[in-house]
Amino acid sequence: MLCAISGEAPQVPVVSPKSGSVFEKRLIEAYVAEHGKDPVNGEELAADELIDVKSQRVVRPRPPTLTSIPSLLSVFQEEWDALALETYTLQQNLAQTRRELSTALYQHDAAVRVIARLTKERDEARDALSKVSVGASRAVDGEAMQVDSEGLPQAVLERIENTQASLSKTRRKRPIPEGWATSDAISAFKPVEASESLYPGSRALSIDSTGDLALFGGADGVVGVYSLSQKSVVQTLKTDGPVTDATWAGNKAVVGSATGTVKIFENGSEVASFASHAGEVTAVAVHATGDIIASVGVDKSYVLYDLSTNNVITQIFTDSALLSAHFHPDGHLFAAGGADAQIKVFDIKTGTVAADFPMSGPVKSLFFSENGIFLAAVAAQSTTVSIWDLRSSKETKVLDTGSEVQSIFWDYTGQFLLTGGPSGLTVQQFTKSSKEWSEPFRSAVPAVAAAWGSSAHSIVALNDACAVTVLRS
């Protein structure tokens, strides 16, 4: 018997009931006193649990004298044999360690390759999503659509594609323009000037690129060009029916009327007139090219026009009256809000529906964010604004303003969403870094339509009394 601790024959042997090993009593008692465990298997052990082994007293063998050459050779042989066995064991352990290391390195290399591939796929997916490439081949269940065109002319297609390509490349990297209004400046806005009542029944408002000329018209078919700097009407335009919507296309005024006509004015003179709709024109919109416009109407269609040639490009029919419209900032998509509480997003190059989003009621107004990712929309008589993410086709946020919203307008940077209604104005701010919404501004100034002034340093509101109010800090 040998002690499991010292490896020598014990003078006073004891046995541990936990591991069954033999120990020198003084050694195991000292170990248990310090650790309280069996040194062989680590189980809890007390000194009084040790079992004495009754045996004859062990007589230690006489140590070798090593006084002769044979005894020395015998000791050297034993040491050599032990060294050879230890070397053999070390070689076996080294070979096993090398195999394990080789396997680990192979697995690590495979993991690195998988991670690199997934990272590349993720980056490609993010790049594709940043371009908001909504699939246009998906058919909408039960949707009957008639296309009164064999396709867009090649020249128009090239303009649309070139515009999309040039804008989508720089959109995500474009910084906020220097001198753009901040949330602190907007929160200090207050009414600073107001016009007299101008054109009864006005419900459309558009500010030109200079930020000075406001375009709006009334129920009597008269359209006014109001200079914010001069605080007066500088031009008067005449259409053939109550004005339903108006917008600027560069320096041209585009006006839609309840009689179904769309008229184009330049420098105060009518330069084109279109009568493609068989009913009221409810909204007009301008494409990113600046010389392509669209109109929607109660006849369940939208029409594209080419202002460079003053021709109708195409007319697309759907299954519901259309009430509102807006182009995607890259120009490849066109959103139209329907009386059936659906937002239809069209691929304008093919005229097919690329996506549709349900709303709670007839879609009163809609507006794409400048980053091309979000679409804001509001239903008739609703107090909330729905924010849709085009990448996932999901409603990602519902902004409750607490009062009815009739118009919405996103600023150029995509930070500030302006809402207007009979109870007042609000500005909802989206912070990109935190992806959170806040409300830096609220005013009791009523507005049937509202728009941002130059560099978002002012708000222009058209109220139900047909007067223009300007708010700035």
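Two strands are said to pair if DSSP finds at least two bridges between them; helices (H or I, at least four residues) and strands (E, at least two) are DSSP runs, numbered from the N terminus. This is a predicted model, in which local features need pLDDT of at least 70, side-chain atom pairs count only at pLDDT 80 or more, and totals for chains, interfaces and linings use all residues. Residues are numbered from 1 along each chain as its sequence is written, and side-chain values use heavy atoms, with hydrogens and water left out.

Strands β28 (residues 424-431) and β29 (residues 436-443) run antiparallel and are joined by six bridges.

An open sheet is made of three strands in the order β2-β1-β3, with antiparallel pairing. Its edge strands, β2 (22-24) and β3 (51-52), each pair on one side only. Between β1 (residues 13-15) and β2 there are three bridges, and V14 has F23 in β2 as its bridge partner. Helix α1 (residues 25-35) packs on this sheet and touches β1, β2 and β3. Contact here means heavy atoms within 4.5 Å. The direction of α1 makes about 90 degrees with that of β2, where axes are lines fitted to C-alpha atoms, for helices over the stretch in contact, and angles run from 0 to 180 degrees between N-to-C directions.

The interior comes next. A nonpolar core is a set of buried Ala, Val, Leu, Ile, Met, Phe, Trp, Tyr and Cys residues joined through side-chain atoms within 4.5 Å; buried means under 20% relative accessible area, exposed over 50%, partly exposed in between (1.4 Å probe, protein chains only). The largest such core has 21 residues, and L152, V296, Y302, L304, F327, F334 and F346 touch the most other members. Elements giving two or more residues to this core include α3 (154-170), β14 (281-286) and β16 (301-306). Apart from it lies another core, of 17 residues, with F189 and F441 among them.

Aromatic rings of Phe, Tyr and Trp (its six-membered ring) pair if their centres lie within 6.5 Å; planes under 30 degrees apart count as stacked, over 60 as edge-to-face and the rest as tilted. The structure holds 13 such pairs. The rings of F274 and Y305 are tilted, because their planes stand at 35 degrees, with centres 4.6 Å apart. Ring pairs also link Y302, F327, F334 and F346 into a cluster.
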